[in-house]
Amino acid sequence: MLIVTYILALILQVICALVNGVILCLFVKLDSLLKNKHLRLVLYLSVAHFLDAILGFPYIIYMTKNWDPIYFELDPLFILVSEIPVPIGFKFSATATIGVALSRCMAVFSPGTFRKIEKICFSEIVSITGFLLGIFDACLSLALSPITRIPNCGTAGCFLSNQFLYYWGISNMIFGFIVIILSITLLVKIKLMDDGKALGSVVSTSQEKRFQQVIFRTNY
């Protein structure tokens with residue numbers, strides 16, 4: 001059944017590359033999208049997903065080609081090198097997602113500060129930070145993982161050291177918690193704003209009715 005997983009992963013990567021390729025084409029053809037400062041981080045995120053899907057093909061194809069139901073032995077060096085796009089893309093996506101959530105929170109909690117921020121500069125800082133963090137993860141995976149042959153191991157996790165897997169799991173979990181906290185904070189703020197508008201509308205309607213009653217009594 002492992003070969004089915006490989007084939008499914010390959011199909012999903014093709015779909016990911018096609019979808020993000022279409023998005024990039026839309027950005028190139030539509031000047032309104034390309035010039036929209038608020039979508040610049042979305043553009044960088046789409047570029048990262050497209051490159052991650054393309055650069056991940058050698059890894060998936062190699063795993064699929066060399067799989068055997070009885071016995072197989074993968075080259076650990078090739079696996080460690082070919083899986084480098086995974087930690088880079090994952091950390092870049094997590095950082096960009098935090099950047100998007102943070103910008104939305106700033107727009108809601110401090111609109112004045114949000115308007116003063118240069119959107120393109122903010123997007124580039126977030127993208128560079130995510131890329132550097134991804135490079136750090138990739139270098140750490142190579143530095144901590146010994147090149148050891150492991151028969152009948154069909155995943156990259158078998159060739160990565162426990163130290164790196166522990167660090168990578170904890171760091172990604174922290175990034176996920178940050179996104180959750182920012183998202184919940186944003187939703188709560190929007191809910192409070194909607195409730196405040198609804199209450200203001202009710203008060204305004206009540207005052208208007210009282211005003212109309214006063215006018216009616218004055219006239220009659």
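The largest cavity in this predicted model is lined by 13 residues, and those that lie nearest its centre are His-38, Ser-103, Arg-104, Phe-122 and Ser-123. The space inside this cavity comes to about 120 Å³, and the count of cavities of 30 Å³ or more is one. Three helices, namely helix 3 (40-55), helix 6 (85-109) and helix 8 (119-144), each supply at least two residues of the lining, with helix 6 giving the most, at four residues.

From the cavity we can turn to the charged side chains and their pairing. Side chains of opposite charge can pair when their charged atoms come close. The structure holds three salt bridges, and each can be taken in turn.

Lys-91 belongs to helix 6 and Asp-137 to helix 8, so that the pair links distant parts of the chain, 46 residues apart. Lys-91 and Asp-137 are both buried.

In another salt bridge the side chains of Glu-118 and Lys-37 meet, at 3.7 Å from N to O. Because Glu-118 lies in the loop between helix 7 (111-116) and helix 8, while Lys-37 lies in the loop between helix 2 (31-34) and helix 3, this pair ties together parts that are 81 residues apart in sequence. Glu-118 is partly exposed, with a relative accessible area of 40%, and Lys-37 is likewise partly exposed, with a value of 39%.

The side chains of Arg-149 and Glu-73 also meet in a salt bridge, at 3.5 Å from N to O. Here too the pair links distant parts of the chain, 76 residues apart, with Arg-149 in the loop between helix 8 and helix 9 (162-219) and Glu-73 in the loop between helix 4 (57-65) and helix 5. Glu-73 is partly exposed, its relative accessible area being 32%.

Which side chain of opposite charge is nearest to Glu-83, a residue that is buried yet has no salt bridge? The nearest one is Lys-91, and it is 12 Å away, whereas a salt bridge requires the nitrogen and the carboxyl oxygen to be within 4 Å. Glu-83 lies in the loop between helix 5 (76-82) and helix 6, and, once its neighbours within four places in sequence are left aside, Glu-83 is in contact with Tyr-59, Ser-141, Ala-156 and Leu-160.

Two further loop residues complete the tour. Asn-152, in the loop between helix 8 and helix 9, has a positive phi of about 55 degrees although it is not a glycine, and Asn-152 is partly exposed, with a relative accessible area of 42%. Gly-56, by contrast, is buried, with a relative accessible area of 9%, and it lies in the loop between helix 3 and helix 4. The C-alpha atoms of Gly-56 and Ile-84 are separated by 8.6 Å, although these two residues are 28 residues apart along the chain.

How values were computed: Residues numbered from 1 in each chain as written. Predicted model: local features only at pLDDT ≥ 70, side-chain atom pairs only at ≥ 80, totals over all residues. Heavy atoms only, no water. 1 Å grid on protein atoms, 1.4 Å probe; cavity = no way out; pocket = protein on both sides within 12 Å on 5 of 7 lines; lining within 4 Å. Points joined across faces, edges and corners; volume = space filled by probe spheres on them. Buried < 20%, exposed > 50% of the residue type's maximum accessible area, 1.4 Å probe, protein only. Lys, Arg positive; Asp, Glu negative; His and termini not counted. Contact = heavy atoms within 4.5 Å.
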